[in-house]
Amino acid sequence: MLLVIVQTAVLLLVPGYLVYRVHRLKRELGVLRTGQAAAAKKTDRLVGLLNRIDKKWEKSLQKTFSETIWPQIESLEAIGRILDGKQYLPPTRRAAASPDLLMHVLRIIRAESPLNIVECGSGTSTIVFAMALKAFNQSGHIFSIENDEAYAEQVRDQLRERGLDASVTLVVAPLVEKKYPGCETPIQWYDIDKSRLPASIDLLFVDGPEGTFQGFSRYPAGPELIPLMSPTGKIILDDAARHDEAAMPGMWTTLFPSLAAQPLRAEKGATQLSLRIDTAA
């Protein structure tokens, strides 16, 4: 929570200081304009410009706080309450899953008690999901696929520190280039033996591999893992505000017409997919 407060303070102070400087410059120009009739027109134009900048910054600051900062603070606080606040949370900024998206997943875990959770890309989400299983007294198990062995070991250490390692299997698999139906170019994805994963997946969280080093980096999760989904299983795709991830639900539903996609309100964008009710029945 302290980290979130510091981040919030920085995000608020910088634009706030700029607004303060604009106000001060406007006052100084007002004084300058007095007794200088020849420069009055130019000064008026400049004051008008500063007024527009002032309003724009204020509106931007309000939008940033209401749409980005405040929802993350609310979600982080809710996560802390749900998990009893007995253990500290890992960082939820930068590449990590955002608090609002983690809350979506925690609601699914609490309501549906998934036995087999598979995630593509380990880290903050792995720890939070394991904390949720413990807090909800559920017997589910997490299979976290990770291509970076050194990073996977860091996640193991964090799980051990919190006494959560028994509920997580970290599946380390290097990335290899493969061709997939529905995508023209080869994509690097986890070289994984399916026997290391459960035969039926109740919750699939797709947040890896890293989506910046190649196009459609997470697309293979569809053809590789959707066939393993249980009839009532849920799929959560992170970073759906990005171009590639925004296109993936449509590509997956083309491959698997029984899927239904629903956008989720989240900082970085997200999509939830599941089997249509009539098909699952």
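Biologist: In which strand does A261 lie in this predicted model?

Modeller: A261 lies in strand 8.

Biologist: Why is A261 called partly exposed?

Modeller: The relative accessibility of A261 is 43%. Buried means under 20% and exposed means over 50%, with partly exposed in between. The value of 43% falls between these cut-offs, so A261 counts as partly exposed.

Biologist: Which residues does A261 touch, leaving aside those up to four places away in sequence?

Modeller: A261 touches P249, T271, Q272 and L273. Contact means heavy atoms within 4.5 Å. As for L273, its C-alpha is 4.4 Å from that of A261, although the two residues are 12 apart in sequence.

Biologist: What makes strand 8 an edge strand?

Modeller: The open sheet has 7 strands in the order 3-2-1-6-7-9-8, and their pairing is mixed. Strand 8 (259-264) pairs on one side only, as does strand 3 (168-172), and these two are the edge strands. From one strand to the next, the twist averages 15°.

Biologist: How do you know that strand 1 and strand 6 pair?

Modeller: Two strands pair if DSSP finds at least two bridges between them. Strand 1 (residues 116-120) and strand 6 (residues 201-206) are joined by 4 bridges, so they meet this condition. The two strands run parallel, and I117 stands opposite L203 in strand 6.

Biologist: Which strands does helix 7 touch?

Modeller: Helix 7 (residues 243-255) packs on the sheet and touches strand 6, strand 7 (229-238), strand 8 and strand 9 (270-275). The direction of helix 7 makes about 160° with that of strand 7.

Conventions
Residues numbered from 1 in each chain as written. Predicted model: local features only at pLDDT ≥ 70, side-chain atom pairs only at ≥ 80, totals over all residues. Heavy atoms only, no water. Axes fitted to C-alpha atoms, helices over the stretch in contact; angles between N-to-C directions. Buried < 20%, exposed > 50% of the residue type's maximum accessible area, 1.4 Å probe, protein only.
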